Amino acid sequence: MSLSGLFLISFLLVHLGVNITMIWSKDLFNAASHFMETNWIIQSMQWILAIGFIVHIVYGIILTIQNRRARGVQYAVKKGGSAPLSSRTMIHSGILILLFILLHLRDFLVPMKLGLVDDNYELVAAKFSNPVFVIIYIVAFILLGLHLSHGFQSAFQSSGAAHSKYTPIIKGLGKAYFLLMSLGFTAIAVVMYFRSLT
Amino acid sequence: MKLTLKIWRQKDEHSKGKFESYQLDEVSPNSSFLEMLDQLNERLINDKKEPVVFDHDCREGICGTCSLYINGQPHGPDRGVTTCQLHMRRFKDGDTIHIEPWRAKSFPVIKDLMVDRSAFDRIMSAGGFISVNTSGNTQDANNIPINKEDADKAFDAAACIGCGACVAACKNASAMLFVSAKVSQFALLPQGQPESKQRALNMVRQHDKEGFGNCSNTGACEAECPKEISLENIARLNREYIGASLTTDA
Ligand code: HEM
Ligand code: SF4
Ligand code: FES
């Protein structure tokens, strides 16, 4: 779980890095996405990424089922405040992110792979001119932030990394990371929407 | 003070339980939670009714026998105390108090509020010990120099009283905090080294075999543990476990 989670974390960083270029320049973004589409290392990483997602999702679901079974009879009265909400809703945020990813692949990856698009930037610009589309994406980025706000530090704890000196740093990095992801992707969506208005 | 108690009553492991309501009129705010239950039981016995079964022993927060899930929290609303150390002044006159047993598949109810925690004993037998020769030439533990920081951390881990509140609090009914405390108290000391790999592997395996859930690092256990055992121990257990998995034959 932690390995697949950390892997997905590094993927997201690259993904944001490529996409954010479209805020500044159409040509830069098209060049970056052309590189991603033609570089053989990136192309083979795509398969590993797909496996990473599948492992993460299947394992997450198995663990959740085992964990629900371990309780047996439910409590009648439960005071939930002793653990943060994000940590108690990983399966819910995860499944919603999965639905979003499927939608996202349909919107972008499938047409790009089928060679239906000559200009990736124009495809993104067209999609983000629809406010409903923009809102769905922003909601997904908030959910992603929720998932990562627990997931980032959890992955370190699961792999055994904890230390009175470094754990606060990891937690700080985790906050910076989930804010960067949520705000970064949201910024792209918002900028592209306003650009479509002019 | 006047209280309404909603207590889980269950005849035995296989019967269906249900909540029963009890009214107590003269509870001293200075009595402990268990004394309040004693008061109820005396009345039930006088009325020729079945008293409520609950676990207790030392009544001073050191044995780990008392339990009870009180108003949605193991060992009640106070932090860092067991149910036997909880006092009625923590509640208000007229309060309704829900009392449930620990809920976990691996802790089956024996009767009413008492659950079978022998799963913890089996986890301990799987590795929660060190083997020493008691042939008469045992070394004095104080002869081995140990740095203060490790000694303190081992001592903190050893404070675990095996009450099971971590399992009761965890949404996954995971006992990782307990296992991690028991592994850490040895992992930090030289005496624990010879058996450290087998200990981590065997105790975690037994934990899983007993049907406890997997740790997903929510931190509910640390918040509810009467001995405030730290999550750092779970990371240490993960470290020991991963290291042992990668380097042993079995
Ligand atoms: C880009 C997408 C995603 C990223 C970056 C991500 C990242 C993470 C990370 C870092 C963790 C913590 C791992 C640990 O504690 O060891 C985690 C846990 C989890 N993820 Fe994801 N995840 C993503 C998508 C998904 C999806 C699509 C699902 C769908 C079911 C999902 C379900 C879960 C679950 C259930 C957990 C909790 C596991 C547990 O309780 O131990 N995640 N995720
Ligand atoms: S770790 Fe804390 S809550 Fe769990 S058994 Fe030990 S003392 Fe009880
Ligand atoms: S009765 Fe011993 S700890 Fe509560």
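Across the interface of chain B and chain A of this predicted model, the rule finds zero salt bridges, a salt bridge being a side-chain nitrogen of Lys or Arg within 4 Å of a carboxyl oxygen of Asp or Glu. The rule does find 21 residue pairs in polar contact across this interface, both residues being at pLDDT 80 or more. A polar contact is a pair of N or O atoms within 3.5 Å; within protein, one atom must be able to donate a hydrogen and the other to accept it, and residues adjacent in sequence count only if both atoms are side-chain atoms.

Two conventions apply throughout. Residues are numbered from 1 along each chain as its sequence is written, while chains are lettered from A and ligands numbered from 1 in the order in which they are written. Because the model is predicted, local features need pLDDT of at least 70 and side-chain atom pairs count only at pLDDT 80 or more, whereas totals for chains, interfaces and linings use all residues; side-chain values use heavy atoms, with hydrogens and water left out.

The contact between the chains, where contact means heavy atoms within 4.5 Å, takes 37 residues from chain B and 27 residues from chain A. About 2,500 Å² is buried between the two chains, and carbon and sulfur atoms give 49% of that area; buried area here is the accessible area (1.4 Å probe) that two parts lose on being put together, summed over both. R103(B), N214(B) and N217(B) supply 23% of the area that chain B buries against chain A, more than any other three residues.

The side of chain B that touches chain A draws at least two residues from each of β5 (96-100), α4 (165-169), α7 (220-224) and α8 (232-247) of chain B, where helices (H or I, at least four residues) and strands (E, at least two) are DSSP runs numbered from the N terminus. Its largest share, six residues, comes from α8(B). By class, this side of chain B has 16 nonpolar, 13 polar and eight charged residues, with Ala, Val, Leu, Ile, Met, Phe, Trp, Tyr, Cys and Pro counted as nonpolar, Asp, Glu, Lys and Arg as charged, and the others, Gly among them, as polar.

From the interface we can turn to the interior. In soluble globular proteins, nonpolar side chains tend to be buried together. The largest nonpolar core has 36 residues, of which F107(B), F120(B), V167(B), V179(B) and F212(B) touch the most other members. Such a core is a set of buried Ala, Val, Leu, Ile, Met, Phe, Trp, Tyr and Cys residues joined through side-chain atoms within 4.5 Å, and buried means under 20% relative accessible area, exposed over 50%, and partly exposed in between (1.4 Å probe, protein chains only). In chain B, α2 (118-125), α4, α5 (176-187), α6 (196-209) and α8 each supply at least two residues of this core, and α5(B) gives the most, with seven residues.

Chain A has eight helices and zero strands, and its C-alpha trace spans about 55 × 35 × 35 Å along its principal axes. Of the 198 residues in chain A, 38% are buried. Among contacts in chain A between residues at least 6 apart in sequence, 79% join residues at least 24 apart.

A search of the whole structure finds 16 salt bridges over all chains. One of these joins the side chains of K26(A) and E122(A) (2.7 Å, N to O), linking helix α2 (residues 26-38) to helix α6 (residues 120-127) of chain A across 96 residues of sequence. K26(A) is partly exposed, with a relative accessible area of 32%, and E122(A) is also partly exposed, at 40%. These two residues and D119(A) are linked in a network of salt bridges. In chain B, R199(B) forms a salt bridge with E195(B), the closest N and O atoms being 3.8 Å apart; here R199(B) is buried, with a relative accessible area of 2%, whereas E195(B) counts as partly exposed at 22%.

Two further residues of chain A complete the tour. Q43(A), in helix α3 (residues 40-71), has a side chain that reaches the backbone oxygen of E37(A) at 3.3 Å and makes a polar contact with the side chain of K113(A) (3.2 Å). K127(A), in helix α6 of chain A, touches D107(A), F108(A) and F133(A), not counting residues up to four places away in sequence.
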